[in-house]
Amino acid sequence: MGIGSSLLSTGFAGQNLLQLSSDSDVSFGVNGFVQYRFLGQEVWLTTTHITLLIVILALTVFALIANRVIRKADPEKAPGPFLNAIEYMVDAIDNLTKTNMGEKHGGKFANYIGTIFCFILLANIAGLFGLRPPTADYGVTFGLALITFILIHYNGFKYQKMGHITNLFKPVLLTPINIIGELATPLSMSLRLFGNVLSGTVMMGLVYGLLNKFVLIAWPAVLHGYFDVFSGAIQTYVFCMLTMVFISNTFEEE
């Protein structure tokens, strides 16, 4: 049973929703397609893996095309629409990182912030293309938050040395709270992204599963615009902002 199904299966109302979704062939969880053995364990190729592959492939193709366009661009001619869009994206990411992380350090993290921004945004709006958003799987969001958590402490030791550890004991009475706060960072970041995307996935699943086909033609696009595009973009921005804020807190004082 998928993550979404296990959340809905608690209580009488949850059982009714689960039954309705089953009757309408609508799935709230992560479904497996192919089972195989890996290192002696039975593993599945799921909807999350398939959508992740599609997202990675789309970003790779876009990067290759962008690289080709940039290399062939004539500096003496006006850039085309595609090159203008690329330049706008690069400038926006550079300005975002330098504004939130400072001129000295912002440029160093522009590639990372730009990568996770594009990845999370495309993953969040996958529902527009009939795919299950991979960020509705906690394994994906926790992995993203774990990378940020590692970067936070890597830069903490890089710039603060042992002060990165001793700061946890200032003041001494708040040491347990400081430690819990540090360990809770990846959990809070991953759960925030996971919960918001999963709730949108469940809501759209209920709409498609409970309403008749005539009604579905009229207004699901509005809901997709909110849950997939608007909410997906907001959650992408929030995740990147938290990443920049947490990492920039570890820099030495300017």
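Colleague: Why is Val30 called buried?

Modeller: Buried means under 20% relative accessible area, exposed over 50%, and partly exposed in between, with a 1.4 Å probe and protein chains only. Val30 has 19% relative accessibility, so Val30 counts as buried. Bear in mind that this is a predicted model: local features need pLDDT of at least 70, side-chain atom pairs count only at pLDDT 80 or more, and totals for chains, interfaces and linings use all residues. Residues are numbered from 1 along each chain as its sequence is written, and side-chain values use heavy atoms, with hydrogens and water left out.

Colleague: Where is Val30 found?

Modeller: Val30 sits in the loop between helix 2 (11–23) and strand 1 (32–38). Helices (H or I, at least four residues) and strands (E, at least two) are DSSP runs, numbered from the N terminus. The C-alpha atoms of Val30 and Arg132 are 8.3 Å apart, though 102 residues separate the two along the chain.

Colleague: How do you know that the span of helix 6 agrees with what it should be?

Modeller: The expected span is 1.5 Å times one less than the number of residues. Helix 6 (residues 110–124) has 15 residues, so it should span 21 Å; its end C-alpha atoms are 21 Å apart, which agrees.

Colleague: Which residues of helix 6 are buried, and what covers them?

Modeller: Among the buried ones are Tyr112, Ile116 and Phe119. The cover includes helix 3 (47–72), helix 7 (138–160) and helix 9 (175–210).

Colleague: How many aromatic pairs are there?

Modeller: The whole structure holds 7 aromatic pairs.

Colleague: What makes Phe62 and Phe82 an edge-to-face pair?

Modeller: Rings of Phe, Tyr and Trp (its six-membered ring) pair if their centres lie within 6.5 Å; planes under 30 degrees apart count as stacked, over 60 as edge-to-face and the rest as tilted. For Phe62 and Phe82 the centres are 5.8 Å apart and the planes are at 70°, so the pair is edge-to-face. Phe62 is in helix 3 and Phe82 in helix 4, 20 residues apart.

Colleague: Why is Phe62 called partly exposed?

Modeller: Its relative accessible area is 34%, so Phe62 is partly exposed. Phe82, at 32%, also counts as partly exposed.

Colleague: What kind of aromatic pair do Tyr159 and Phe251 form?

Modeller: Edge-to-face: 5.2 Å centre to centre, 80° between the planes. Both Tyr159 and Phe251 are buried. Together with Phe109 they form one aromatic cluster.

Colleague: Why does Thr185 count as buried?

Modeller: Thr185 has 9% relative accessibility, so Thr185 counts as buried. Thr185 lies in helix 9.

Key. Contact means heavy atoms within 4.5 Å.
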